[in-house]
Structures are given as structure tokens and as C-alpha cells.
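This report describes two chains and the way parts of them pack. Look at the sequence and the structure first, then read on.

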Amino acid sequence: MKLITAILKPGKLDDVKDALQASGISGITVSEASGFGRQGGHTEVYRGAEIKVNLVQKIRLEVLVTDKKVDEIVKVIVKTASTGSIGDGKIWTTPVEDVVRVRTGETGEAAI
Amino acid sequence: MEAVVLNAGDTAWMLASCALVLLMTPGLAFFYGGMVRTKSVLNMMMMSMVTVGIVSVLWVVFGYELAFGSKAGSPWYGNIGFSNLGSRVEEFANNGGVYPIPLLVFAAFQLMFAIITPALISGAIADRTKFGAWALFVTLWSTLVYFPVAHWVFAFGNKVGDVVTGTGYLAGKGLEDFAGGTAVHINAGAAGLALALVLGKRVGWRRDSMRPHSLPLVMLGSGLLWFGWFGFNAGSALAANGIAGLALLNTQVAAGAALIGWLAFERLRNGHSTSLGAASGAVAGLVAITPACAFVDPIGAVAIGILAGVVCAWAVELKFKLGFDDSLDVVAVHLVGGILGSLAIGFVGTSGVNSLGLDGIFYGGGSALLAKQALGVGLVFAYSFVVTAILGFVINKTIGFRVNSVDEVEGIDLSEHAETAYDMKISSRGGVL
């Protein structure tokens with residue numbers, strides 16, 4: 001089992017969510033995030049005072065998948081979230097030792 | 001003596017004006033509240049709201065009498081004693097002459113001015129002021145600064161027959177301040193400067209991002225201020241007449257011109273016209289036209305407006321150059337705008353629109369009017385700045401004027417009011433709130 005974590009542009013969330021559902025994914029976790037990468041920040045001006053916004057707002061999407069679906073799901077996210085410009089985000093996968101469904105106590109892939 | 005008969009039209013307009021001017025203070029709360037960070041918006045709005053409460057009570061106890069009483073016959077203060085307005089229901093307003101409106105309507109109208117003036121000061125000391133200390137300050141400042149200064153500027157005395165008693169000093173000197181460029185805006189601006197200096201800078205000033213947390217709230221606030229300002233300026237005619245119409249029209253065009261002036265200035269300087277600039281420019285224009293609205297023609301109002309938009313936008317830089325944390329630019333908008341509008345009358349004032357006004361320099365009146373205006377500007381600025389600095393210093397040394405730095409960083413809403421404005425877990429757009 002793997003945990004796919006994707007940092008994405010907020011505006012892409014709905015497209016990615018729909019694409020994941022279409023690919024048979026039954027659950028995701030989304031949280032607001034901020035950070036910086038190659039995109040850096042931008043400058044805003046308030047009554048002439050320039051304020052550098054170094055941290056850019058992103059969404060953090062987490063999805064648990066079985067080993068054999070990892071490549072397919074990562075490809076779906078990349079395909080849906082990519083605009084080709086700096087700031088599209090990043091995806092990484094990490095191994096997961098176990099998963100437990102709280103309601104039933106099921107473990108492993110049955111709990112995904 | 002000819003008997004005065006109540007004029008229902010005038011009275012109705014003045015009653016409406018009272019409500020319009022009151023609305024400016026909640027409007028100001030939105031204007032200021034949107035400009036601070038999420039952690040201090042409630043405190044910012046509460047500084048205005050508590051002022052409504054405190055000054056209303058002070059007014060009916062002794063404030064009205066101190067500002068507009070005439071028994072003492074002093075040019076510096078009205079009368080020290082109980083306002084006793086309940087005994088004067090059947091009297092007409094008498095301010096340098098009898099107006100066909102009830103005295104109590106005049107008293108209520110002037111109360112609204114007494115409320116918003118200290119509320120304006122709060123923007124200079126955002127995010128860091130102890131709520132109790134603010135409440136004490138509002139009480140003392142109203143008593144020692146606003147009520148007397150209102151007497152100097154707004155009290156034209158009690159006229160019985162040909163005898164006028166208790167005319168305010170500046171009113172008697174011929175200062176032209178129709179609705180409070182000196183008594184309200186320079187007064188509040190000078191006090192804001194003094195308090196910003198006494199309290200010192202916020203933790204993280206010029207290091208942390210202190211950008212406005214809600215520009216839509218700022219826009220809402222500026223809209224409510226603009227709306228209420230028609231009562232403020234046109235209501236100051238104390239009648240529903242041509243002068244009220246002139247004041248209303250001038251108010252509108254000056255605010256519009258200043259909005260354009262501020263937007264143009266910042267577009268040239270920073271490359272963009274901003275929503276905060278539009279909101280600020282409108283208010284700067286409203287401030288500048290306040291003293292002048294019944295003494296200039298609409299073209300003069302346009303000139304004052306454009307100048308106010310540009311100059312006030314530029315004046316915002318002063319706090320960075322000179323290093324004082326006037327958090328929401330009370331100095332740049334109210335002090336600078338108030339001075340600009342008050343002095344501008346000396347140039348573009350014309351008796352052609354109002355027989356009570358004098359001609360300024362551009363209308364062949366020479367510099368006599370400008371000298372009267374400069375006296376008013378200088379006197380109100382000096383008095384307000386000095387007395388406010390002393391008051392601020394004393395409060396700071398006794399009960400303390402600032403919250404401690406831990407509470408300030410964590411958020412003054414939580415420490416002073418045990419509330420937070422928004423149910424939010426992380427800051428929007430990554431900034432440090």
C-alpha cells in the first residue's frame with residue numbers, strides 16, 4: 001500500500017477529485033497548505049506599501065492506494081493538474097505499513 | 001420679537017441627518033476592521049462601538065453643556081454643569097441665531113459628531129491598545145479636547161435679540177469650518193499622531209506582513225461612511241435648503257474626484273489602481289471637503305477632491321519615512337486631508353455660493369481668509385496634539401495603554417474580548433496573520 005501526497009494548485013482540486021473518482025478511488029483527504037517552491041511568491045501593494053508574499057497557497061491532497069494502482073493514480077493526477085507553468089505542484093508516494101478502517105476494524109487493503 | 005415657528009421640513013431633514021451621521025461610526029468600524037489582521041478585527045471594531053456608548057452618555061450628562069452652553073460666556077468652553085436636556089424639549093436650536101428646529105434635534109446631531117471624532121483616532125493605535133485604557137481615554141479626551149474644541153469651532157453663541165453670548169473663539173474669529181475639518185479631522189488626526197508616538201510601534205512593524213485581512217469590509221465601510229457623510233456635511237446647514245444642497249453636491253463630487261486622484265497617483269507610482277486606494281481616496285476627499293462644502297462651488301470641490309486624493313496617497317509614506325506606526329493612516333487621511341481642506345478654503349472659497357462665506361485668494365479676497373483658516377488649523381492641531389500626548393503619557397504610566405507583547409502577537413481579540421472573528425485554522429494565502 002502507498003500514500004500518495006500531492007501539493008496542487010487550489011483551482012485544480014475539483015478536476016482532480018472528479019478524475020480520481022472516475023478512476024475508482026473511494027476516498028481522499030484534502031487540506032489547505034502554503035509553502036514555496038520554484039514558483040516563489042509575489043508582491044502585493046497596500047496604500048503604496050509593498051508586501052512580499054513568500055508563501056503561496058496550495059492544497060494538499062492525500063490518497064491511499066494499493067501497490068498496483070500507484071502508477072495509474074499518479075498519472076491521473078499529473079494529467080489532470082498539469083498546466084505546464086511553474087507552480088503546478090509536486091507529488092510523492094510513501095510506503096504505508098498498515099491501514100485500519102475505524103468502523104469495522106478491517107485492516108490492510110480491505111480498509112482502503 | 002418675531003416668534004419662531006417650527007419648520008417640519010428642516011426638522012425632518014435634521015432627524016434623518018442624525019441617523020446618517022451615527023451610521024458613519026459603525027461604517028468606520030468596518031473601514032478600520034477590514035484593514036487589520038484577522039486576529040484583531042473585533043477589537044478594532046469594538047473601539048468604535050464602545051465610543052458610541054461612552055460619548056452618548058457623557059453628552060447628556062455634561063458634554064452638550066461643555067460644548068454648546070453659553071452661560072459662562074467663555075470663548076474656550078461652553079458651560080461646566082449638567083446638560084439638563086430633558087427640560088428643554090420645547091426650545092428651538094439657538095446657535096448664533098434661532099433655527100426653526102428643536103434644540104434637542106440640534107443636540108442629537110452634534111452628539112453624532114462627538115461620537116465619530118474619538119472613534120477616528122483608534123485607527124492610529126490598532127492591534128495593541130488595552131480596551132479599558134481606550135475607554136478611559138475616550139472619556140477623558142472627549143471631556144478635555146473634543147467638547148472644548150467643538151465650542152471653539154461650532155458654537156456661534158446664544159443669540160437673544162441682538163446680544164450674542166458664549167461664541168466660540170474660532171467661530172468668533174471667522175474661521176470657515178462648515179462641518180468639522182478642524183474640530184473633527186485635524187483634531188482626531190493630531191490626537192492619532194500623538195497616541196501613535198506614545199504607544200509605539202506594533203510588534204513586527206515593517207517586518208511582518210500586516211496587510212488588510214478583508215478589503216471587501218473596507219469597501220463596505222467606505223461606502224457607509226460616504227452615505228453617512230451626506231448627513232454630516234449637508235446636515236450642518238441645520239436646514240433643508242440651498243446651502244444643504246450645495247454641501248451635499250460638493251461632498252459627492254469631492255469624494256469622487258479624490259477617488260480618481262488616489263487611483264491615478266498609485267497607478268503612476270506602483271503600477272496598479274487598488275481597491276484599498278479607491279476606498280481610501282473617497283474617504284480622503286470626504287475629509288477634505290468637510291470644512292469647505294458650503295463655501296466653494298462644485299468646481300472648487302473637484303479641485304479640492306483631486307488634490308486630497310493625490311496628497312493623502314503621498315502622505316501615507318510619511319509614517320515609513322519618519323518611523324511612527326500610525327497603523328491605519330489617521331494622519332495621512334484625517335490630519336493631512338483636514339489641513340488641506342481647511343486651507344483650501346482660503347484659495348477657492350467664494351461668497352458667490354454662500355453669502356456667509358468670504359472670497360478666497362482666487363476670488364479676489366486676498367489672504368485674509370487664508371490667515372483665519374491657518375489660525376484654526378494651527379490652534380486645533382497644537383491643542384489636540386499636546387493634550388492628547390499628556391493624556392496618553394499619563395494613562396500609559398498608570399494603568400498601561402498597551403497589551404503585553406505575548407497577547408499582541410497571539411491576537412488582541414482573544415486576550416481582550418475572549419472572541420475570535422472567524423473560524424479559520426490556517427492563514428489565507430500563506431501570510432502570517
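Helices here are DSSP runs of H or I that span at least four residues, numbered from the N terminus. A308(B) lies in one of these, helix α10 of chain B. The model is a predicted one.

**One residue in chain B**

Is A308(B) buried or exposed? A residue counts as buried if 20 or more other C-beta atoms lie within 10 Å of its own. A308(B) has 32 other C-beta atoms within 10 Å, so it is buried. Apart from its neighbours within four places in sequence, A308(B) is in contact with A258(B), G261(B), A284(B), G285(B), V287(B), A288(B), G337(B), L340(B) and G341(B). P216(B) is 92 residues away from A308(B) along the chain, and the C-alpha atoms of the two are separated by 23 Å.

**Two packed helices**

Two packed helices are described by the angle between their axes and the distance between the axes. For α9(B) and helix α10 of chain B, which covers residues 298-315, the angle is about 125 degrees and the axes are 8 Å apart. That angle makes α9(B) oblique to α10(B). The crossing of α9(B) past α10(B) is right-handed.

Which residues meet where α9(B) and α10(B) pack? From α9(B) come G277(B), G281(B), A284(B), G285(B), V287(B), A288(B) and I289(B); from α10(B) come A301(B), I304(B), G305(B), A308(B), G309(B), C312(B) and A313(B).

**Where the chains touch**

The contact between the chains takes twelve residues from chain A and 20 residues from chain B. On the chain B side, the elements that give two or more residues are α8 (242-270) and α9 (275-289).

**Chain A**

Chain A has two helices and six strands. Their order from the N terminus is β-α-β-β-β-β-α-β. The radius of gyration of chain A is 17 Å, well over the 13 Å that the globule rule gives for 112 residues, so chain A is more spread out than a compact globule. Along the principal axes, its C-alpha atoms fill a box of roughly 60 × 30 × 20 Å. Of the 112 residues in chain A, 15% are buried. Among contacts in chain A between residues at least 6 apart in sequence, 68% join residues at least 24 apart.

Terms used
Residues are numbered from 1 along each chain as its sequence is written. Chains are lettered from A and ligands numbered from 1 in the order in which they are written. This is a predicted model: local features need pLDDT of at least 70, side-chain atom pairs count only at pLDDT 80 or more; totals for chains, interfaces and linings use all residues. Two residues are in contact if their C-beta atoms, placed from the backbone, lie within 7 Å. Axes are lines fitted to C-alpha atoms, for helices over the stretch in contact, and angles run from 0 to 180 degrees between N-to-C directions. Angles under 35 degrees count as roughly parallel, over 145 as roughly antiparallel, 65 to 115 as roughly perpendicular and the rest as oblique. A crossing is left-handed if the near helix is turned anticlockwise from the far one by less than a right angle, and right-handed if clockwise. The radius of gyration is taken over C-alpha atoms; the globule rule is 2.2 Å times the number of residues to the power 0.38. A residue is buried if 20 or more other C-beta atoms lie within 10 Å of its own, exposed if 12 or fewer, and partly exposed in between; C-beta atoms are placed from the backbone.
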